[in-house]
Structure formats: C-alpha cells, structure tokens
Amino acid sequence: GSGTRVTFQIDRSDGFDGDVRFDVAGLPEGFSISTPTVIQAGHLQARAVLSNSLDAKEKAPPKEAWANVKITATAIIHGQAVTKEAGTLGEIKLADKPKFVVFLTPDRQPLKAEENKAAPPADSPATPDDIPELVIAPGATITAMLRIERADKFNNALRFDIDNLPHGVIVDNIGLSGVMIRQGETERQIFLTASSWVPESTRLIYGISQQEGNQASRPVRLVVRKAAPGARPKEE
C-alpha cells in the first residue's frame, strides 16, 4: 500500500523547448502510476509516484510482467503531435512493509487509510478517477493536509517534500525546519502559494518523505485556475 518516486527525464535538441507528456501503460495488476506526467516547457524532468495496492500476503509480479510496461513521450512539434517510445520501468521489487504510510489530502478531509486515498469532501464535486483535487488561483495561497499512518512503536520526526509542483507554485510558510511532522504526531497542515504569473494548468502532485525509503502518497490533482471576478488573490 505504499508508493515510490519515478523520474522522467529528457534531453532537448534542435531548439525544441515545449512541453513533453509521458504516459505509462501495461502495469501489472495492483500497481498504478500518477500519469500523464508533463515536463513543462524549458524544464528537463518531472516526477510521478508508482503505487501498489498489494497486501503483505500477495507476491510481487514476475519479472516477465514488467516487460509489458510501455512508456511513451508525446510533444507538439510544428503543430503536430509526435510520440516516441521511452523504454520501460524495468523490474520493480517489493520492499518490506514501511514504517509509515503517507497521505496528502485537501484540508479538513477525513483519512481513508485502508485505501491510501480519500474521496472528495462533501462540498466538492467528485472526479471521475477519484483523485482528490486542490484548486489554486494565480497569486493565491491554499491549504492542504499531509498525514501519516504510523506502524507500531515508530514515533520518529519526519521531513517531507511536496513533489511535482508546477513551476511557480511553492510550499509556503515552512520555516527553517521545512515540512515536518514532529515526533509522535501524525499530521501537518501545509500552505501552497502560486505566483501571480502562473498559467492555468493541471498537474498531479504528491507528498514524499525525505527519510525511511522516501515513502510517497497517492497523487492529488492540483488545478491552477484564475479566480472568479471579484475575488481578491493574495498580494505578493
């Protein structure tokens, strides 16, 4: 029921500076990945999280199953969509049960530990794929909740990153300690701030620990959308 980070990387040539979208197909049963993942214009990499829903009694898929995974990269070049094969993920092996499981959710949303994901809150529209959504306006700040479910007797303090944020959106108000869940605690409210120039976009983000195997949450869809007329975004 845990997740790990996957990095997509490109080498640019011939002056091409646009977006590149990565898609992954053919994952073995029980595994999912937070794609499509887009490397933004001018950037060289983006990250996704590979998750599994297997319990301790289930075995990892055989090596042959991973050979069926197909990664493709797509870009718009001179107005035409160009798709190239981008290899496979290789063989993925299951590690021992983690000391904690990570959850990233909209603020004040109840935790559904048995699925390592949460349904949208009652006052938010459901999404077709059940991925929770955060909506932020350029120039504004929103909150979200980072939570962990600890294994017995594991009470250590943990530091986290919020990964795959779009360019111009940062984790705000973190102080010198960064995003930390303190010893014995299980949650931390986080603040996301978008610069006023950030364009409208949609991107999958997730929380990931800096220690203990870099455990990652399932994805949350961050939607950058201009504020409605009359709204007052935060001044920078």
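Start by selecting L146, F160, L192, I205 and L222: these residues have the most contacts inside the largest nonpolar core, which has 26 residues. Here a nonpolar core is a set of buried Ala, Val, Leu, Ile, Met, Phe, Trp, Tyr and Cys residues joined through side-chain atoms within 4.5 Å; buried means under 20% relative accessible area, exposed over 50%, partly exposed in between (1.4 Å probe, protein chains only). Please note that the model is predicted: local features need pLDDT of at least 70, side-chain atom pairs count only at pLDDT 80 or more, and totals for chains, interfaces and linings use all residues. Residues are numbered from 1 along each chain as its sequence is written, and side-chain values use heavy atoms, leaving out hydrogens and water.

Next, colour the strands (DSSP runs of E, at least two residues, numbered from the N terminus). Those that each supply at least two residues of this core include strand 8 (100–106), strand 10 (141–150) and strand 11 (158–163). With four residues, strand 10 gives the most.

Now on to the aromatic rings. Rings of Phe, Tyr and Trp (its six-membered ring) pair if their centres lie within 6.5 Å; planes under 30 degrees apart count as stacked, over 60 as edge-to-face and the rest as tilted. By this rule there are four aromatic pairs.

Select F8 and F22: their ring centres are 4.8 Å apart and their planes at 25 degrees, so this pair is stacked. Both F8 and F22 are buried.

Then pick F100 and F160, whose centres are 6.3 Å apart with planes at 80 degrees, so they are edge-to-face.
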